[in-house]
Amino acid sequence: RAFDLSICRIEPENNIELILNAYRNVNNIELVIVGNWNYSAYGKRLKSLFSNHDTIHLIDPIYDKPTLRLLRLKSRTYVHGHSAGGTNPSLVEAMSCGCAIIAFHVTYNRHTTKELAWYFSDENSLQTIILEKTATEIEYLSATMKKIADESYTWNIICEKYRWII
């Protein structure tokens with residue numbers, strides 16, 4: 001069965017509640033969010049509100065890299081809600097696995113994905129993306145994100161860029 005994935009710290013700036021609310025009324029696509037639900041009152045509240053939903057799965061932290069990679073590889077899309085920070089490792093990891101990226105509309109997410117992912121800024125825009133993108137569009141975006149990661153975010157490329165800075 002198709003599922004969308006998010007892996008993150010359960011913090012307000014990662015727009016978890018917005019994401020959960022957008023998926024609340026989507027019955028044909030499952031959402032899996034892996035995160036530290038029991039770390040804060042915010043996470044505990046969201047877990048309590050959404051844990052009984054049939055298509056929403058709130059998973060406690062997973063630190064096993066092969067398991068996380070398998071989740072990314074099996075997901076339909078990767079939902080990245082981060083709204084603070086910069087180039088985020090979880091976004092780059094999802095891109096390198098060939099995930100179709102749905103990212104929160106902020107400059108650094110747009111920069112990381114070379115302006116080619118799908119972007120949301122509220123529940124309605126996220127739900128529109130979730131419901132309207134076709135399998136062909138998702139497959140194309142998956143390949144595009146993989147290509148961007150391979151061309152921009154490998155260790156050799158990053159090390160070469162830093163070599164010229166130092």
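A residue is called buried when its relative accessible area is under 20%, exposed when over 50%, and partly exposed in between (1.4 Å probe, protein chains only). By that rule, buried residues make up 49% of the 166 residues in the protein. This is a predicted model, in which local features need pLDDT of at least 70, side-chain atom pairs count only at pLDDT 80 or more, and totals for chains, interfaces and linings use all residues. Residues are numbered from 1 along each chain as its sequence is written, and side-chain values use heavy atoms, with hydrogens and water left out.

**Fold**
- The protein contains 8 helices and 6 strands, taken as DSSP runs (helices H or I, at least four residues; strands E, at least two) and numbered from the N terminus.
- Along the sequence, these elements follow the pattern β-α-β-α-β-α-β-α-β-α-β-α-α-α.

**Dimensions and contacts**
- The C-alpha trace spans about 50 × 35 × 30 Å along its principal axes.
- Of the contacts with a separation of 6 or more, 66% join residues 24 or more positions apart, a contact being heavy atoms within 4.5 Å.

**Charge**
- The protein has 18 positive and 18 negative side chains, and the centres of the two sets lie 4 Å apart.
- Lys and Arg count as positive and Asp and Glu as negative, without His and the chain ends; each charge is placed at NZ of Lys, CZ of Arg, CG of Asp or CD of Glu.

**Residue I157**
- I157 belongs to helix α8, residues 155-165.
- I157 counts as partly exposed because its relative accessibility is 23%.
- Leaving aside residues up to four places away in sequence, I157 touches D150, E151 and S152.
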